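Subject: Structure for you to look at

Hello,

I am passing on a structure that I would like you to open and read alongside these notes. Please take your time with it, and look up each residue as it comes up below.

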Amino acid sequence: MENNNEFPRTEGGGIPDPNGTSPVSHSMALALINDIVRMQQNLDYMDISVKGVSQLRNRVKSMMLTLHRNGYEVAELLGRSWHEGDNIIGTMELNDELEPGTNRIKRIIRPQVSFQGKMIQAAEVVIEYNEK
């Protein structure tokens, strides 16, 4: 099998077990995505002039691209405002420095992940808000 950065697939779209008989869960891909998103957030706090940061950012992008090519989508939530009815689990934190009546997603604990257009993991986030 050639290395083309794709996982083998079953007819139903899942990743087959080693025997090729039935689809297995997405647990490995979800664990990988959760770690990649955590790395992205940590890299965002690092100074770009630090040796190796640029290379790490490029590798993280490459891993996300490989997952995307295999049917996985990660929603871009960081910095976005939260609205009632959004399909996310949120922990609210008061922030008096925000403009009154506004909110935004401050941190992603678990990203929202879809596989072939179907959500397989709901996001868990920290939302900062100012209700004044």
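R38 is partly exposed, at 43% relative accessibility (buried means under 20% relative accessible area, exposed over 50%, and partly exposed in between, with a 1.4 Å probe and protein chains only). Please keep in mind that this is a predicted model, in which local features need pLDDT of at least 70 and side-chain atom pairs count only at pLDDT 80 or more, while totals for chains, interfaces and linings use all residues. Residues are numbered from 1 along each chain as its sequence is written, and side-chain values use heavy atoms, with hydrogens and water left out.

The partner of R38 is D35, and the two form a salt bridge whose closest N and O atoms are 2.7 Å apart (a salt bridge is a side-chain nitrogen of Lys or Arg within 4 Å of a carboxyl oxygen of Asp or Glu). D35 and R38 are three residues apart in helix 1, residues 27–44, and so about one helical turn separates them (helices, H or I of at least four residues, and strands, E of at least two, are DSSP runs numbered from the N terminus). D35 is also partly exposed, at 37%.

Searching the whole structure gives four salt bridges, and another of them joins R104 to E128, at 2.5 Å from N to O. Because R104 belongs to strand 3 (residues 102–110) and E128 to strand 6 (residues 123–130), this pair ties together parts that are 24 residues apart in sequence. R104 is partly exposed, with a relative accessible area of 37%, whereas E128 is buried at 5%.

Best wishes
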